[in-house]
Amino acid sequence: MRTIVFLLSFFLLSCNQSAISKKLSASDSVVVTFNEPNSDAVSKTVAATEKTAISKLSGFMSGKVTEQYKCGYDGNIVFYSEGKELMPVVFKYKDQNCRFFIYELDGKTISTTMSNEAADFLESLEA
């Protein structure tokens with residue numbers, strides 16, 4: 001039984017990774033917006049067109065699928081291709097016990113865990 005659960009989890013994660021990678025592969029720019037604590041007010045916005053930065057950010061989205069946390073949000077990331085929005089992503093990174101990305105893919109809302117590397121990267125962008 002454990003083997004079946006493991007294989008099913010691996011399959012779902014693999015599908016999620018390939019689907020998100022495929023969707024964001026056409027991205028040519030990204031805008032990251034950081035919010036004031038406990039607010040929707042914007043404290044900082046960072047834009048990038050460097051392919052390495054875009055690839056790094058999109059790679060962070062393919063973490064382990066997790067429950068949708070209710071601990072607030074620290075900001076959002078919007079991926080663009082030729083000026084058109086590809087995908088908005090909401091994130092939380094400041095609380096070590098509650099780090100995630102939430103995005104919609106193929107009509108489903110997906111929440112994935114955020115790695116320490118992703119949190120450190122976002123923190124460096126906000127600094």
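This is a predicted model: local features need pLDDT of at least 70, side-chain atom pairs count only at pLDDT 80 or more; totals for chains, interfaces and linings use all residues.
A residue counts as buried under 20% relative accessible area, as exposed over 50%, and as partly exposed in between.

Six strands form an open sheet with antiparallel pairing, in the order 2-1-3-4-5-6. Strand 2 (42–48) and strand 6 (108–113) are the edge strands, each pairing on one side only. From one strand to the next, the twist averages 20 degrees.

At one end of that order, strand 5 (residues 98–105) and strand 6 run antiparallel and are joined by six bridges. Within this pairing, glutamate 104 has threonine 109 of strand 6 as its bridge partner.

**The disulfide**

A disulfide is a covalent bond between the sulfur atoms of two cysteines. The count here comes to one disulfide. Cysteine 71 is joined to cysteine 98, with an S to S distance of 1.6 Å. This pair links distant parts of the chain, 27 residues apart: cysteine 71 lies in the loop between helix 2 (51–60) and strand 3 (75–81), whereas cysteine 98 belongs to strand 5. The link of cysteine 71 and cysteine 98 is left-handed, with -60 degrees about the S-S bond.

The accessibility of each partner is listed here.

| Cysteine | Relative accessibility | Class |
|---|---|---|
| Cysteine 71 | 27% | partly exposed |
| Cysteine 98 | 4% | buried |

Cysteine 98 counts as buried because its relative accessibility is 4%, which is under 20%.

Terms used. Residues are numbered from 1 along each chain as its sequence is written. Side-chain values use heavy atoms; hydrogens and water are left out. Two strands pair if DSSP finds at least two bridges between them. Helices (H or I, at least four residues) and strands (E, at least two) are DSSP runs, numbered from the N terminus. Axes are lines fitted to C-alpha atoms, for helices over the stretch in contact, and angles run from 0 to 180 degrees between N-to-C directions. A disulfide is a pair of cysteine sulfur atoms within 2.5 Å. Buried means under 20% relative accessible area, exposed over 50%, partly exposed in between (1.4 Å probe, protein chains only).
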